[in-house]
Amino acid sequence: MFPSKFFVAGTLALVLLAACESTEDRVDRLYSEAQQLAAEGEPERARIVLKNLFNLDGYNRDARLLYADQSRLAGDPVDAYRHYLLVAEQHPDYAPVRVTLAEMAADSNDWTEAERHISAAEDLGADDPGLDALRAALNYREAIRLDDAESMAAALDTATTLVEAHTDTILSHRVL
């Protein structure tokens, strides 16, 4: 049995159509598809589409961030951290990812890693209340370690100010 001529013609047309699509167009199409899947609450499927995109463009910052975000939603913080870190390495001037990495490190009590990312974000001039909360938490932790009441009070004052100004800084609430 030979395939029908319609099947062969259809397959050939699809192959030719795929060959006509530029790499940039395929990346855009895959990214749009992944965004749609993410919006529909399908993080696993979005990640599969993004992995295909990375075969074409492994340096696509927005796609890599979407992948990391979807990994977090899927309950895979290790994979998320790895991809956020890749963004930081591939795009060293992108401060927001350093804040995210610092938050994740602080959440896992890896304060050495948190400090590294806090410092990198500050060096890049990041202006983020979350970064201020991270610095306050790090300062408070260090003040406790050194039994430095004055530094503890200063960190608490910073955390109080942040809570009053930005109620979404969960880390400031934790310091308080």
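Residues are numbered from 1 along each chain as its sequence is written, and side-chain values use heavy atoms, with hydrogens and water left out. Because the model is predicted, local features need pLDDT of at least 70 and side-chain atom pairs count only at pLDDT 80 or more, whereas totals for chains, interfaces and linings use all residues.

**View 1. Arg 47 and Asp 76 form a salt bridge.** A salt bridge is taken here as a side-chain nitrogen of Lys or Arg within 4 Å of a carboxyl oxygen of Asp or Glu, and a search of the whole structure finds eight of them. In this pair the N to O distance is 3.8 Å. Arg 47 lies in helix H3 (residues 43–56) and Asp 76 in the loop between helix H4 (61–73) and helix H5 (77–90), so the bridge ties together parts that are 29 residues apart in sequence; helices are DSSP runs (H or I, at least four residues), numbered from the N terminus. Arg 47 is buried at 9% relative accessibility, while Asp 76 is partly exposed at 27% (buried means under 20% relative accessible area, exposed over 50%, partly exposed in between, with a 1.4 Å probe and protein chains only). Arg 47 and Asp 76 also belong to a network of salt bridges that includes Asp 79 and Arg 82.

**View 2. Arg 135 forms salt bridges with Glu 115 and with Glu 122.** The N to O distance is 3.0 Å for the pair with Glu 115. Since Arg 135 lies in helix H8 (residues 129–146) and Glu 115 in helix H7 (residues 111–123), this pair ties together parts that are 20 residues apart in sequence. For Glu 122 and Arg 135, the closest N and O atoms are 2.8 Å apart. Glu 122 also lies in helix H7, so its pairing with Arg 135 in helix H8 ties together parts that are 13 residues apart in sequence. Glu 115 is partly exposed, with a relative accessible area of 26%, and Glu 122 is partly exposed at 34%.

**View 3. Arg 64 is buried yet has no salt bridge.** Arg 64 is placed in helix H4, and the nearest side chain of opposite charge, Asp 57, is 7.5 Å away, where Lys and Arg count as positive and Asp and Glu as negative, His and the chain ends not being counted. Leaving aside neighbours within four places in sequence, the contacts of Arg 64 (heavy atoms within 4.5 Å) are Phe 54, Gly 58, His 83, Leu 86, Val 87 and Gln 90.

**View 4. Helices H4 and H5 have axes that come within 7 Å and cross at roughly 160 degrees.** The axes are lines fitted to C-alpha atoms, for helices over the stretch in contact, and angles run from 0 to 180 degrees between N-to-C directions. The crossing angle makes H4 roughly antiparallel to H5, a term applied to angles over 145 degrees.

How values were computed
Helices (H or I, at least four residues) and strands (E, at least two) are DSSP runs, numbered from the N terminus. Angles under 35 degrees count as roughly parallel, over 145 as roughly antiparallel, 65 to 115 as roughly perpendicular and the rest as oblique.
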